[in-house]
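Reader: I want to know what stands behind each label in this model. Please take me through it term by term.

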Amino acid sequence: FCFLHGFDAEGDLVGSLASMSTNERIKAIQKMPETMGKKREIRNKVLKEITKKSRHRGGQPSCCTQCLQGAAVSFRRFGNTLSEHFHQLRIWHKTLKIIGAEFGTSVLSYFVFLKWLLNFNLFSFLINFSFITIPQFLAAEPNNLSFTGLELFTGAGYFQQTVLYYGFYTNATISKVENGPSYNMQLAYIFTVGIYFVICFLILLFSMAKFFSRNFVNPQTFSVNASRLLCTWDFNITNEKAVKLKQKNLHTQIKEGLTEVNKEVLDFSAMEIVLRIAIHLFAWAASLGIAVAACTGVYFLSINNLELFMKGHRNDLESQSAMLVLPVVVSLLNTLIPFFFSWLGHLERFQTPGQHIYVTIIRNIILKMSIVGILCYYWLNIVAASESQCWETLVGQDIYRLVLVDFIFCLLGSFFGEFLRRIIGTTVWVSLGLPEFDIGRNVLDLIYAQTLTWIGILFSPLLPGIQMIAFFIVFFVKKVSLMRNCQPPRKVWRTAQMMTSFIFLLFCPSFLGVLSVIGVTVWRLKPSEECGPFRGLSSMYAAVSEWIQILESFTASKWVVWIYHNLISSELFFFILSTFVLIVTYIYCEIIRGRKTMTKLLQKQLNN
Amino acid sequence: MGNKQTIFTQEQLDAYQDCTFFTRKEILRLFHRYRDLAPQLVPLDYSDKPAVTLPYELIGSMPELKDNPFRQRIAEVFSEHGDGNMTLDDFLDMFSVLSEMAPRDLKAYYAFKIYDFNNDDYICKSDLEKTVNKLTRNELTPEEVSLVCEKVIYEADADNDGKLSLADFQHMIIRAPDFLSTFHIRI
């Protein structure tokens, strides 16, 4: 900080500000901890100094420089107006404000996360619709199937011959006018999906890095009492009842903090330690066992499912509803097993409640990701190799059904978990009280739904649009349920660390898993012979290699071919890139370690 | 550029945009919020820089502040003479620091001033006691309050002078990443 003691310090400040670029100067002035009047004064002095400097530099500024300066100012004003209009689009600002006001920042973070995921789906839907679906409409084949209402649930029937699924897209080069501009559907499909995933990867990587750098706190240096008192009062809460509740909670926590036995110095006898370890091992074995059992069940059920497909397209009610069995079972497993996990968690006695939460979340993630994994294995190994006409459309339909049933179960979960629980808690069993909004479980549901959507993009390009609508509805249902049925959370959530872990979970098992599935599909699997944009090729990627071969015959595009051969498909380049990344990471780790040692030394000096 | 407004001159708006974290539209929206507190006191034309101050009672009755236990301290810290009566400049300054775009150091500086009840540039034990009482609605016994304050000073005081300086406070804030999202008022 620069505290302005004396006129000389101010003169120096003005001088240094005047020599910065416009953006830096504005940021520096905004950051100054002075009153508005003082900041305005300094700003005016700096502007005078700048005009003085430019005048000293070369007499009267020429017309050209004046024009440029005027242009720079109006450009900046235009940029501000543009960003303002984007800000106007901030949807749900009032809703988020109300939620934060009554329930605090931790519950608000769930809704902010949901809104953030919505952006991914919106972006995907827009680019898929513009680059893949709209051209397809120009070359569409007529749909001979009839529409019965059941298609909305099963995704089969009428929808099979629509733009919803991979199988409908043509492999031809579309051109409206003879010898006019043509549109290669194969390349469009693979490049649209590819570029979308690259952009998602970069966005997730940068968000994760930003959260990690801002929020990663060494747990040993966390001072519980001080920060509880001075750093955690939530200024967002502006509802009288909520404020009173938060004050009561803080009162309880402080009282507990004063009277508790120091938890780290609990002396256990050897027998008790062995017992605790045995209980932990048993709990982990039980959870992993249940996850494996669930996966096996899903696997055999899905093999059964495939036989149903292969039997033919009988459009009667029985076979259509039989297709819904697999998604319903998967969603039931995903809903009920977490209750078992949290019961297990109560059985084990953890040292801190934070450990309990993290262990439960890890177990849930293992369950959900292994179910998704086994389904992917089934799709990629069994369905793709089966004798069906169009396996990609079958996979797309499966994913559509899973997404839909998961959405319905999410709404049901809200109904039972919050509405009925409130009724029970206020009338029949009053000691239970109002339910709390279960942030962990809800965020994991979102991550699971988003994983399914990402996997489904390749097989059903409009799936993100459906998921977008689902997320919209979930937002409003959750918000209404929260306001009517729930009470503000009692324990203090370390919101920032939680959000970091959730984004990390979104990136690490979820997105990277999706990338590997898509990678295997594009590089290894043989597309179906009779449908889709890649029919007849040996793999989806073959479209790109064939295109590169065509480009080789044109001299104007030799650079594209060079980039392809030497950068994208050469192993040496990736080897060099990985080595470079590893070296940079190692250097950063060493710098961080060095800084930590420095901090410890300085701390010691201060204390002495 | 944009809608013609007659409340501020273009230069005044540019200065506000440079000195706060708000865009032009937000500044105008905040001006209307300020004016809605006392329409008869606040003129619609600020181009001649009228010296209008709203008393603390009106500021403290805003829905964003009325239930906050620290509303009086917030108003005092940001007001010109430390009495809680705020001009439009102070009002904009306050919400700018409390917005989500303000950096951590700036927020830490003002949070320190808010918790420093006796304005001596240190958070001493009596300041902490007042903070605890505000946070728990005076429901703890004086012995408990005293114990908690001693614990806080023990944990956070790095230079061992029995009170928290701004540096101690900032050191603590760095290790509490939630601070940025909790020291935030949406308007």
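Author: Start with handedness. A crossing is right-handed if the near helix is turned clockwise from the far one by less than a right angle, and left-handed if anticlockwise. Helices are DSSP runs of H or I with at least four residues, strands are runs of E with at least two, and both are numbered from the N terminus. The model is predicted: local features need pLDDT of at least 70, side-chain atom pairs count only at pLDDT 80 or more, and totals for chains, interfaces and linings use all residues. Residues are numbered from 1 along each chain, chains are lettered from A and ligands numbered from 1 in written order, and side-chain values use heavy atoms, without hydrogens or water.

Reader: Which hand does the crossing of H16(A) and H18(A) have?

Author: Right-handed. H16 of chain A covers residues 439-456 and H18 of chain A covers 495-524; their axes come within 10 Å and cross at roughly 25°. Axes are lines fitted to C-alpha atoms over the stretch in contact, and angles run from 0 to 180 degrees between N-to-C directions.

Reader: What is H16(A) to H18(A), roughly parallel or oblique, and why?

Author: Under 35 degrees counts as roughly parallel, over 145 as roughly antiparallel, 65 to 115 as roughly perpendicular, and the rest as oblique. The angle is roughly 25°. Therefore H16(A) is roughly parallel to H18(A).

Reader: Which residues meet there?

Author: Contact means heavy atoms within 4.5 Å. H16(A) contributes residues including A:Val443, A:Ile447 and A:Trp454, and H18(A) residues including A:Phe502, A:Leu506 and A:Phe511. By class, this contact has 14 nonpolar, 3 polar and no charged residues. Nonpolar here is Ala, Val, Leu, Ile, Met, Phe, Trp, Tyr, Cys and Pro; charged is Asp, Glu, Lys and Arg; the others, Gly among them, are polar.

Reader: At what angle do H6 and H16(A) pack?

Author: About 5°, with the axes 10 Å apart; H6 of chain A spans residues 105-138. That is why H6(A) is roughly parallel to H16(A). The contact includes A:Tyr110 and A:Phe120 of H6(A), and A:Leu446 and A:Trp454 of H16(A). Its classes are 11 nonpolar, 5 polar and no charged residues.

Reader: What makes H13(A) oblique to H15(A)?

Author: H13 (residues 325-347) and H15 (residues 391-428) of chain A have axes that come within 9 Å and cross at roughly 45°. That angle is why H13(A) is oblique to H15(A). The crossing is right-handed. A:Val328 and A:Leu332 are among the H13(A) residues in contact, A:Arg401 and A:Asp406 among those of H15(A). By class there are 7 nonpolar, 2 polar and 2 charged residues.

Reader: How much area is buried between chain A and chain B?

Author: About 6,500 Å², with 59% from carbon and sulfur atoms. Buried area is the accessible area (1.4 Å probe) that two parts lose on being put together, summed over both. In chain A, A:Met36, A:Leu230 and A:Phe235 lose the most to chain B, together 13% of what that side buries.

Reader: How is chain B divided?

Author: Into domain 1 (10-98) and domain 2 (104-182). Such bounds come from an automatic or database domain assignment. The two C-alpha centres lie 27 Å apart. Domain 1 of chain B gives 10 residues to the contact, domain 2 of chain B gives 12. Chain B has 10 helices and 0 strands.
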